[in-house]
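Q: Please take a close look at one part of this model, the place where the two chains meet.

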There are 2 protein chains.
Amino acid sequence: MKNIKVSIWGFGAMGSGMAKMLLNKKGVEIVGVCDRNEARIGKSMFEVLGIEKGDRPEVIINPNIDEVLTEGSCDVCLCATDSFTKSAFPRLKLALEKKVNVISTAEEMAYPKAQNPDLAAELDRIAKENGVSILGTGINPGLIMDLLVVCLTGCMVDVEHIEAKRVNSLSPFGPAVMEEQGVGITVEEFNKGVEDGTLAGHVGFAESIGMIADAIGWKVDKFEQQMKPIVTTIDRKSPYGFAAAGNVAGVNMTAQGFVDGEVKLDMIHPQQIEPEMEGTETGDYIVIKGTPSINMANKPEVEGGLGTIAMCVNMIPHVINASPGLKTMLDLPVPRAIMGDMRDFIQR
Amino acid sequence: MKNIKVSIWGFGAMGSGMAKMLLNKKGVEIVGVCDRNEARIGKSMFEVLGIEKGDRPEVIINPNIDEVLTEGSCDVCLCATDSFTKSAFPRLKLALEKKVNVISTAEEMAYPKAQNPDLAAELDRIAKENGVSILGTGINPGLIMDLLVVCLTGCMVDVEHIEAKRVNSLSPFGPAVMEEQGVGITVEEFNKGVEDGTLAGHVGFAESIGMIADAIGWKVDKFEQQMKPIVTTIDRKSPYGFAAAGNVAGVNMTAQGFVDGEVKLDMIHPQQIEPEMEGTETGDYIVIKGTPSINMANKPEVEGGLGTIAMCVNMIPHVINASPGLKTMLDLPVPRAIMGDMRDFIQR
């Protein structure tokens with residue numbers, strides 16, 4: 001049987017991380033990489049990754065997607081280019097129209113119906129028309145604050161209130177994330193960034209809340225979200241970040257989903273560099289009040305970068321096996337690590 | 001749209017618990033109950049449950065399954081009669097041949113391929129022939145020591161070793177469980193019970209290990225299981241159990257799955273009455289070594305009885321939606337609580 005063929009669109013931290021993971025798996029090969037970063041164009045993927053090519057076929061990083069993705073060129077395209085459904089849409093459409101299955105890292109694509117129902121319907125239509133499927137996933141949204149919550153409600157007779165809390169460290173992340181999350185800036189600058197929308201913070205609360213509510217049959221009648229600075233009282237330094245005492249070490253994001261006028265879904269997601277320096281213990285926490293109740297902790301938290309890389313790669317067989325259309329993590333079988341030959345996971 | 005119709009076969013703790021849960025859900029009704037317990041035959045299901053019938057149609061407990069289950073009589077039959085695939089098989093076959101979808105609480109049915117591949121293949125064949133689907137599930141096997149483990153590996157690049165530990169209290173359970181698990185007997189009696197097979201202990205390790213290994217692509221080349229008494233140093237008393245100091249308060253079950261000659265799957269499941277009396281903290285624990293690692297705890301443990309009841313009821317829509325055949329929790333979308341109208345969960 002032939003290897004599963006994968007193309008990667010976007011070769012930043014996520015795209016290149018997925019390539020590294022794939023090169024260690026059996027029964028799968030990378031057949032194309034598209035990236036527009038000048039420093040990478042025309043180079044060997046192996047050179048960029050710092051991995052021996054061995055006897056694998058060469059893959060040259062190409063800025064032209066029409067040359068990388070052609071009908072029949074691959075089984076799935078991993079699209080790691082965007083955070084938002086709207087900006088990802090033209091790229092996802094193009095890939096689907098090449099009759100290629102798609103997995104998107106865009107946070108909003110984890111549940112695009114939440115904020116872009118028209119685009120979600122359009123992607124579903126295009127995917128079906130081309131006989132392929134498309135999924136958005138990642139560590140969060142995608143697993144920790146939504147799918148894992150849903151899975152745990154499976155053993156509950158009754159659910160009263162859900163709290164999902166992810167307390168994570170931004171220390172492993174690079175300069176782009178430091179800037180997006182406001183690490184090192186003053187509180188004034190932070191507040192201005194929130195106001196004018198230049199600070200990204202966490203993208204995905206609307207998606208996580210939408211996913212959970214739809215999964216268990218709650219109707220959310222109001223959604224609110226807050227973004228507050230985490231001000232450090234001491235100097236904190238991480239490989240790519242620095243926050244002086246009195247400045248911003250990260251962002252505390254919170255959101256609430258109201259059902260029948262009451263807050264029934266609470267999302268709490270403070271992310272900062274060097275949380276341990278002020279006694280913050282990182283972890284993923286899910287507390288569900290109901291019958292029976294759930295009181296889950298995973299300590300320390302699943303690292304966001306590695307987690308997203310793994311989720312996207314591990315969902316490849318499920319996406320290939322899926323019926324055509326737009327899928328979410330709610331529609332497909334549970335994610336799972338791929339330790340054997342990836343071809344054995346494909347239903348024929 | 002008409003309500004989803006459910007029949008229940010076996011009206012012990014599990015069957016009657018599922019009935020109570022169903023009576024609190026929207027869009028679903030119980031249309032038949034089959035049970036051969038003399039004390040219940042001919043009685044109203046509502047009377048046995050101690051719940052007001054209100055304006056719901058009467059359901060009389062009937063010992064004759066051929067009268068309860070007829071073609072078109074219901075959408076799904078919840079079969080809560082057995083622990084083992086072999087003993088459940090004739091009943092499951094009968095239900096499938098009535099063209100009714102089936103959910104079984106039999107522990108071995110959570111992954112029947114593990115110990116009864118021939119019967120699993122036969123059930124798959126019969127289900128397909130009759131255009132219906134069949135699933136075995138419960139809290140464990142079914143979720144805590146298998147599906148939840150699988151789900152958590154989904155965010156892992158690489159898995160090295162899996163430990164699933166469920167430390168639970170037997171105190172909420174009745175006399176049958178006290179007897180099955182050896183609560184209150186002497187160590188000598190316990191050892192004799194293990195030897196002659198009269199002590200059940202936990203049923204499901206082979207199933208949980210089989211499910212996890214198949215899910216992630218490990219080949220298990222050896223499976224071992226141990227059953228040891230938990231000897232109490234003090235008198236312990238629960239509503240239905242008593243263990244004098246020096247006698248057995250419960251059973252410590254352990255199992256290992258070997259992959260490439262190494263133990264890669266460790267299952268640890270001590271169950272006893274009043275564990276707190278000797279400082280044992282109950283909980284569900286999943287520790288997965290790999291990249292990244294997982295270190296999950298749910299404290300206290302999900303109560304087994306309620307958990308199994310909820311899993312079976314919550315999987316009803318997934319089983320109705322499934323393509324014909326024998327399904328496992330690996331094949332279907334993640335379990336989820338049903339808080340809305342159950343009919344909204346059905347794909348048309």
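In which sense do β13(A) and strand β13 of chain B pair, and over how many bridges? Please set the answer within the rest of the interface.

A: This is a predicted model, in which local features need pLDDT of at least 70 and side-chain atom pairs count only at pLDDT 80 or more, while totals for chains, interfaces and linings use all residues. Residues are numbered from 1 along each chain as its sequence is written, chains are lettered from A and ligands numbered from 1 in the order in which they are written, and side-chain values use heavy atoms, with hydrogens and water left out.

β13(A) and β13 (residues 294–298) of chain B pair in the antiparallel sense, over three bridges; strands pair if DSSP finds at least two bridges between them. In this pairing N298(A) stands opposite M296(B). Strands here are DSSP runs of E, at least two residues, and helices are runs of H or I, at least four, numbered from the N terminus.

Chain A and chain B each bring 48 residues to the contact (heavy atoms within 4.5 Å). About 3800 Å² is buried between the chains, 65% of it from carbon and sulfur atoms; buried area is the accessible area (1.4 Å probe) lost on being put together, summed over both parts. In chain A, V157(A), V334(A) and M339(A) lose the most area to chain B, together 15% of what that side buries.

α6(A) gives the most, with six residues.

Technical notes. Buried area is the accessible area (1.4 Å probe) that two parts lose on being put together, summed over both.
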